[in-house]
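Here is a walk through the charged side chains of one model. Keep the structure open as you read.

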Amino acid sequence: MQIASFADFLIAASQQPEPQRLLFVFTRAELPADATAEEKARFERGEGGTLEPVMCVDKLPSEIADFAQLKAESAQIPQSWDIGFVASLGGRAGRAPGSDEAGEPLERMVGMIKQGHVGQFLAFDRNGEMLQFG
């Protein structure tokens, strides 16, 4: 199944042979303090900068009806976010991973995002639009 929307992702997660736990890392776009004038100009156009993780959460697919619900829940934290990254963690023997099993994979996601290695995650903006990184 090709995933072209957040709804497609939820459907794909629910159709996997093993139950899934969804992993979310929400990030804020920031401009480094030592940015050049060119980097500042690009950032003002919505390009460049760095992504700073501000929140991580794990959920079962059944706990998320749609993107609007996820966005509403994320509004309860004080930090704003610009881009959300998502991945899934597969279960075993018909059992979805528990929240306690999601901590290490979420930490790895955060580390990869900080290093700029985001290609293996799905990304979406605050409007729920899927993003592509080249």
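A salt bridge is a side-chain nitrogen of Lys or Arg within 4 Å of a carboxyl oxygen of Asp or Glu. Side chains of opposite charge can pair when their charged atoms come close. The model is predicted, so local features need pLDDT of at least 70, side-chain atom pairs count only at pLDDT 80 or more, and totals for chains, interfaces and linings use all residues. Residues are numbered from 1 along each chain as its sequence is written, and side-chain values use heavy atoms, with hydrogens and water left out.

The whole structure holds eight salt bridges. Start with a network: salt bridges link Arg-42, Arg-45 and Glu-47. Within it, the side chains of Arg-45 and Glu-47 meet at 3.4 Å, N to O. Arg-45 is exposed, at 55% relative accessible area. Glu-47 is partly exposed, at 35%. On this scale, buried means under 20% relative accessible area, exposed over 50%, and partly exposed in between (1.4 Å probe, protein chains only).

Next, look at Arg-92. Its side chain forms a salt bridge with that of Glu-101, at 3.5 Å from N to O. Arg-92 is exposed, with a relative accessible area of 59%. Glu-101 is partly exposed, at 28%.

Now turn to helix H4, residues 103-114. Helices (H or I, at least four residues) are DSSP runs, numbered from the N terminus. Here Glu-104 and Arg-108 form a salt bridge, and their closest N and O atoms are 2.9 Å apart. Why is about one helical turn the separation of Arg-108 and Glu-104? The two are four residues apart in helix H4. Glu-104 is exposed, at 56% relative accessible area, while Arg-108 is partly exposed, at 45%.
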